[in-house]
Amino acid sequence: MAEIRIEGLSKAFGERSVLRGVDLDVSSGRLVAILGASGSGKTTLLRLLCGFERADDGRIALNRQLVCAPGLHVPPERRRIGYVAQEGALFPHLSVAQNILFGLPRVVRRSRRGARAEALLELVGLPASYANRPPHELSGGEQQRVALARALAPEPQLVLLDEPFSSLDAALRIGTRQAVAAALEAAGTTALLVTHDQSEALSMGHRVAVLRQGKLVQVACPEALYRRPLDADLAQFVGEAVLLRGTARAGHVSCALGSLALAPGMPEGEVEVMLRPEQLRLERPRRTPGELSARVEGVTFFGAGASVRLLLSTGGENVELAARVPSHTAPRSGDIVTVVVSGEVVVFAPESRGDRRSCLDRSKPAG
Amino acid sequence: MAEAVAFPPQGHATAAPSSPPPGLLAAASVGALLVLVPLVYTVLQAAQVGFAEAKALLLRPLVGELLFDTVAIVVATTLLAGLLGTVCAWMVERTVLPGRNVWGVLAAVPLAIPPFITSYAWVSLSASLQDFAGALLVVTSAYFPLVYLPVAAALRGMDPVLEETGRSLGLGPWRCFIRVVLPQLRPALLGGMLLVALDVLVEFGAFTLLRFRTFTTELYAEYRTGFDGPDASLLAVVLIVLCMLCLLAELRVRGAARYGRIARGTRRQATPYALGAATLPVLAGFAALVVITLGVPLGTILYWLTQHNAAAISPAGVSGPLLLSATLSSVSLGLGAAALTMALALPLGFLAARYEGRMITLLERAAYLGQGVPGIVVALALVSLTARALQPLYQSAVLLIVAYAILFLPLALVSVRAAIVQAQRGLEDAGRSLGLGWAAVAWRVTLPIAGPGLGAAASLVFISVVTELTATLLLAPIGTQTLATQVWADTSTLAFAAAAPYATAMTALSLLSAWLLARRFGRVALLGELARERHG
């Protein structure tokens, strides 16, 4: 099992620069999710790692062995990197077992055929009876699991997963994700998962690296990324966010929601305040002085939770807010509620708004 | 999903009315039954031969020799064309070969040159080519595009992710080609090779000029010398059996290709391989191929065209009026045949695209069966049939046009059916619901959508007729000269210079029509269609 070290990796297609100096370290046995909107360069990063494309600049080392550097390009078949493509890419002319054993030497394929394939099927949570089926008889999720078994069979140093769940429907996706995560854990393989789905990245990655316009903007554990994103765009990309103007001083920030406790290490002065909708608690108005009352403008029901749009009037100013509450506690449209903030909030220095327009794909549904 | 709901795919029982109008069924049956006439007649003729006599006739050393020679040339050509076509397709589609688009077109063009013209060019260069190797050279260079085109299309359509996965599992480029790419190419490659086999089996002109004997050339020879019906019919049945074997194998390969396709979604362009030091040798190879398949045939014809004073023995001086009248009869026969073939193919194609049922499947299969009946057999059967039973039709232009329609109905049917499938029923229903009558819908909805496909079908028939030799030779009315019969008359008496103007006119007509068609309907679509069916 390998550690990966990526330094200054760059790639352009013609005039279009796709990766611009990416640095990333992944320690052995971990799963790192690369999260990015479409066009952020995440697939290119993966293809450079596999060796399907040549980098323009930068280095890649697997277990301290260079596979990519200026003037050096180790071909894909000699990198020992397993690859699971978007739709599995099972060979249609081979059975499930033949697919799984495809990358093994002929001797092994011939002699230990049954046992090995069955062990790998079991690893990815499929019954041994699947061995002789043709791939097209399997569901999308099962095909993905076979593709993972095939990638793991030659005991690769590293497994790369290219949006492996994006073609599955919602019901299959969660089960397949769990099966894949369990198999990777059991095999102890280092893995990189490329995805545009925030919840997938946050739930599967030991660490999440966010790629934006060819650069890694933040690499952190899922919780840190969600709680303390580096800028407002990132905050909105990894989840739903409430953004307000405020003034920060001495561990507190004052804004439309009053004076709120700051997370440690935040800038001071004129700032942008960010909190998550689930940090807003809605209570029945008690008509005590100083409480924040807001009018419910609309409620969207999601099942377990509900999203509540609020209009807060303070000091003659109307501020729109979004809150996320358990659905059984959701108010009704037109209700007047009291808003209570729980937990610390994050603030961003105003310059972080600089490249807002051009950043992440906003059309993605948040959270 | 949304489209699938809006327009249910054709051919589903829910979408198609249960039974077709009887008039349509009757009209469609005409074409299908007509195609069966020569086949049934030949088999019936052969059945008249007693068992013992048949055994004696078939176990002659001549038949054994013919069988050996025919099978040998078919197998050798098929293998060589398979190799050549695959290598060319891979080089054009998957490497950074300089000028690959031009090479790609040049590798397809030989299909538009009639093989007997290629043969004439080579024979006029050197008589030493009149052996197995020469025959192999000529027919391979004429027919390898039948492999090249489908394999190139398959390579283009193949999801590169399969190859990449193979590489990531530790396979080098060469082993990856063998274990991943080649299995995916199998349907296209085998399908193309079987088409080559079928075409070589029925090739007449090229082999006769090369003095290479196969079942097809022997059938013609027997007709010229004896006109012994049952005896010839027996040989014809052997040839039909060989053809049917190829046809059945081809249908199986194509049927199997529909299974096991699990790739979905959008595809990336594959990263082409760098050729490095191999660039120059590969370029030289392509240049040699183009010289052999196009340069020699076209160059030789042009050379003979300039030899006015007959370096070769010239039985008939070239005369302008004769050239003009031959061209006119070729063109008018082509137009007449295209019209009749379309008239037969339209109801059949409409029926096959819009309705379901065992009867309809049967009619469609019967029409496709025509592909397995060689032109020489069709022509001989029609000669014999009209000579015995339908004297007024014997050696008439009408009979020749009917023969063309029988030969090229399967070819037209493929395009006609595809064109009508494109004009989906749901669109017609939308037209009807907007207040149009069926005639108005046909004029304003169906025709504009299906029109280009129908035009392509008619043009393909026209091209095929203009370059057709076998049936023309046997069935042309006395006194009617076409370009094909003129080339034939002159070349078979070694009057190469005399043949040149007709050969030029014919090749130009074929290339021009193919070019116009390609411009209108796309290069690959056209040549792919042309590849579907070519009777020598």
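Analyst: Here's a walk through the strands, then the chain contact, then the helices.

First, some housekeeping: this is a predicted model, in which local features need pLDDT of at least 70 and side-chain atom pairs count only at pLDDT 80 or more, while totals for chains, interfaces and linings use all residues. Residues are numbered from 1 along each chain as its sequence is written, and chains are lettered from A and ligands numbered from 1 in the order in which they are written.

How far can you trust chain A? The predictor's confidence in each residue, pLDDT, runs from 0 to 100. Chain A averages 86, with 94% of the residues at 70 or above. Over residues 353-367 of chain A, though, the pLDDT is below 50. Where pLDDT is low, the predicted coordinates should not be read in detail.

Now the sheet. Strands (E, at least two residues) and helices (H or I, at least four) are DSSP runs, numbered from the N terminus, and two strands pair if DSSP finds at least two bridges between them. In chain A, 5 strands make an open antiparallel sheet, ordered β2-β1-β4-β5-β6. The edges are β2 (16-26) and β6 (72-73) of chain A, each with a single partner strand, so one side of each has no neighbour in the sheet. Helix α1 (residues 42-50) of chain A packs on this sheet and touches β1 (4-13), β2, β4 and β5 of chain A, its direction making about 65° with that of β2(A). That angle is taken between N-to-C directions on a scale from 0 to 180 degrees, using axes fitted to C-alpha atoms, for helices over the stretch in contact. Within the sheet, β4 (residues 57-62) and β5 (residues 65-69) of chain A run antiparallel and share 3 bridges; A:Ile60 has A:Cys68 as its bridge partner in β5(A).

Further along chain A there's another set of pairings. Strand β17 (residues 292-301) is joined antiparallel to β20 (residues 336-341) by 4 bridges, with A:Leu292 opposite A:Val339. β17(A) also pairs with β18 (residues 305-314) of chain A, again antiparallel, over 7 bridges.

On to the chain contact: 22 residues of chain A are in contact with 21 of chain B, where contact puts the C-beta atoms, placed from the backbone, within 7 Å. Strand β7 (residues 81-84) of chain A gives the largest share of the chain A side, 3 residues. That side divides into 14 nonpolar, 5 polar and 3 charged residues. Ala, Val, Leu, Ile, Met, Phe, Trp, Tyr, Cys and Pro count as nonpolar, Asp, Glu, Lys and Arg as charged, and the others, Gly among them, as polar.

Finally, a helix pair in chain B. The axes of α2 (residues 22-47) and α17 (residues 375-388) of chain B come within 9 Å and cross at roughly 75°. α2(B) and α17(B) are therefore roughly perpendicular to each other; for such angles, under 35 degrees counts as roughly parallel, over 145 as roughly antiparallel, 65 to 115 as roughly perpendicular and the rest as oblique. B:Pro38, B:Tyr41 and B:Thr42 of α2(B) meet residues of α17(B) including B:Val377 and B:Leu385. By class, this contact of α2(B) with α17(B) has 7 nonpolar, 1 polar and no charged residues.

Note on methods: Contact = placed C-beta atoms within 7 Å.
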